[in-house]
Amino acid sequence: MGRLEEPWTEWNSSIEYRTLYSDTYKNGVLVHRSAKRALLWLAEKYPVGSSLDVLIRTDERLDHIYMRVVRAGETNHTGYTGYGCKVEMTLTEAA
């Protein structure tokens with residue numbers, strides 16, 4: 001995604017995600033995240049432009065982070081593809 005202009009947070013945490021027109025959440029990994037971008041590792045293949053609803057749970061809240069895939073690439077985790085995503089919107093629910 002080019003030169004980073006904002007700080008990235010190392011997450012390396014499990015997430016649940018789905019495509020926007022699916023009812024079924026699947027498991028993936030959030031590797032890095034900033035306010036505008038994220039790197040996900042997902043076991044399924046998605047084309048650039050796919051829209052995802054990513055769930056991140058903390059003790060205090062549940063965040064739905066809506067992202068759009070902007071690039072795909074290899075990972076060092078067998079069976080997973082890396083996806084560079086643009087964060088489009090975050091909705092927070094009280095846990």
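Arg57 is exposed, at 54% relative accessibility. In this predicted model, the side chain of Arg57 forms a salt bridge with that of Glu16, at 3.2 Å from N to O. The structure holds four salt bridges, and its largest nonpolar core has 16 residues.

- The Glu16–Arg57 pair joins distant parts of the chain, with Glu16 in strand 1 and Arg57 in strand 4, 41 residues apart.
- Glu16 is partly exposed, its relative accessible area being 27%.
- Asp53 and Arg18 also meet through their side chains in a salt bridge, at 3.1 Å from N to O.
- This pair too links distant parts of the chain: Asp53 lies in strand 4 and Arg18 in strand 1, 35 residues apart.
- Asp53 is buried, with a relative accessible area of 0%, and Arg18 is buried at 18%.

**Salt bridge Arg61–Asp63**
- The closest N and O atoms of Arg61 and Asp63 are 3.1 Å apart, in a salt bridge.
- Arg61 is partly exposed, with a relative accessible area of 37%, whereas Asp63 counts as buried at 5% relative accessibility.

**Nonpolar core**
- Within the largest nonpolar core, the residues touching the most other members are Leu40, Leu42, Leu52, Val54, Met67 and Cys85.
- Two or more core residues come from each of strand 1 (9–19), strand 3 (37–42), strand 4 (51–57), strand 5 (61–74) and strand 6 (81–94).
- Beyond its neighbours within four places in sequence, Leu40 is in contact with Ile15, Val29, Leu30, Leu52, Val54, Met67, Thr81, Gly82, Tyr83 and Cys85.
- In soluble globular proteins, nonpolar side chains tend to be buried together.

Methods. Residues numbered from 1 in each chain as written. Predicted model: local features only at pLDDT ≥ 70, side-chain atom pairs only at ≥ 80, totals over all residues. Heavy atoms only, no water. Core = buried A, V, L, I, M, F, W, Y, C linked by side-chain atoms within 4.5 Å. Buried < 20%, exposed > 50% of the residue type's maximum accessible area, 1.4 Å probe, protein only. Helix = DSSP H or I, 4+ residues; strand = E, 2+ residues; numbered from the N terminus. Contact = heavy atoms within 4.5 Å.
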